[in-house]
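Let's take a walk through this protein together. Have the sequence and the 3D view ready, and follow along one stop at a time.

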Amino acid sequence: MKRLLSGLSGFIMLAATNAYALPEDKGISMLPAGSALAEEVHFFHNGILMPIMTVISLFVLALLLWVIVRYNAKANPEPRKFSHNTLIEIIWTGVPIIILLIIALPSFELLFKEDVVPDGKQVVARGDGQTVDFVFPNDFVESRMVRRADHLQVILDDGVEQTTLKNRRDFRVQGWGERDLVVSLNEPAPAGASVILRGGRSTQNVTDCPMSKRYIDACEKEVVLAPTMTLKVNGYQWNWQYSYPDFGDFDFFSNMLTEDQTTPELYRFEVDNRVVVPVGETIRVTTTANDVIHAWALPSFAIKIDAVPGRINETWFRPEREGVYYGQCSEICGVKHSFMPIAVEVVSRPEFEAWVDEQRELIGLEPMFGDGNTTLAQADTAAAAE
Ligand SMILES: [Cu+2]
């Protein structure tokens, strides 16, 4: 009951401040993307699949109309009697193969991105007005090593703003694919500024890249850092259980609110206890189920992953904007299948830490972050000391 109350009060508090990503009445487009990867998936649908489908449908429609008009019994009383045409057969086999390849290649890339949890890492060094060489420890496994310019980002942070430096123009790199990457800036980093080296094989487009740039794959890319937390999802007939192993392994069930507990707009989307995650951080998601197969689906993050009893599936997302995102179990799992919605609330780091401490208190654990201003590094020390 205590948890239900805290969930409800949280809901009322946040309902006033946060935007919802909800399906619209009579809407036909995708739910707004909440992550860069979802934007890529949406581009794949809206920018690649839809044009191809539209052209094919119009072409087939035109062929049909042509045959109906030109070759009906009245217009063409004497039909020709040939049985095959090699050129046409080569074309109608070859062209679909090319179309399928155009669809397959970007979709394999997206599947790979969703499947492989990012492992990028960053090191931060201080500039002193003299030093030009900075070392990035390239200690990944062989297949994940930083080998190319787009696997590495060099950012200069002067405390006010961050500037992404350009390979060759601003710095040179020695030792691609080797243990230590040496980044040599063309000009020494100013005293007091931070040099952020971010490396890894998982990259994504920066958010809000325009569609025209996506067509020619010219969006600016960024390295995705390794997860800062794991969210364990467990499907039940008929609700979800979530646990947070990195923060004391507290867990809770998330049940759909009844019609009189929420607004008509949110009925069948809203739950008593939402998943809460921090914005801008990589979240590892593992799914499993307690009884039958469920599926954890969250369209705004382009996630749909089966939750299978006796087995663990893994995926990830990196929410870019704060807000509440809704999803739904997407594997028919029994009579109340359509009554197990998913609600994910993306909040700032301090809000997330305050929420974590609240959840820990419910199971009698000491707060992990205290006043909500603790840095990540301090949290790591606290977790290690526990
Ligand atoms: Cu289900």
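Around the copper ion, the four donor atoms subtend angles of 96 to 127 degrees, and that makes the arrangement tetrahedral. Keep in mind that you're looking at a predicted model. Who are the donors? They are His 294 (ND1), Cys 329 (SG), Cys 333 (SG) and Met 340 (SD), sitting at 2.0 to 2.6 Å from the copper ion. Along the sequence, their spacing reads H-x34-C-x3-C-x6-M. His 294 belongs to strand E16 (residues 294–298), while Cys 333 is in the loop between strand E19 (323–329) and strand E20 (341–347), so this pair ties together parts that are 39 residues apart in sequence. Both His 294 and Cys 333 are buried, too.

Now find helix H2, which runs over residues 36–70. With its 35 residues, H2 reaches 49 Å from first C-alpha to last, close to the 51 Å expected at 1.5 Å a residue. Still, H2 has a bend of about 35 degrees at Leu 49, and a proline, Pro 51, follows within four residues. Its buried residues include Phe 43, Phe 44 and Ile 48. What do the buried residues of H2 pack against? Look for helix H3 (86–115), strand E9 (203–205), helix H4 (211–215) and strand E18 (313–317).

Last stop: the largest nonpolar core, with 36 residues. Among the members that touch the most others are Trp 240, Tyr 244 and Trp 296. Strand E20 gives this core its largest share, four residues. Apart from it lies another core of 17 residues, including Val 146 and Leu 156.

Definitions and conventions. Residues numbered from 1 in each chain as written. Predicted model: local features only at pLDDT ≥ 70, side-chain atom pairs only at ≥ 80, totals over all residues. Heavy atoms only, no water. Donors = N, O, S within 2.8 Å, 3.2 Å for Na, K, Ca; no water. Tetrahedral: all angles 85-135°; square planar, octahedral: opposite > 155°, others 65-115°. Helix = DSSP H or I, 4+ residues; strand = E, 2+ residues; numbered from the N terminus. Buried < 20%, exposed > 50% of the residue type's maximum accessible area, 1.4 Å probe, protein only. Expected span 1.5 Å × (residues − 1). Bend = angle between axes of the 7 residues up to and from the residue. Contact = heavy atoms within 4.5 Å. Core = buried A, V, L, I, M, F, W, Y, C linked by side-chain atoms within 4.5 Å.
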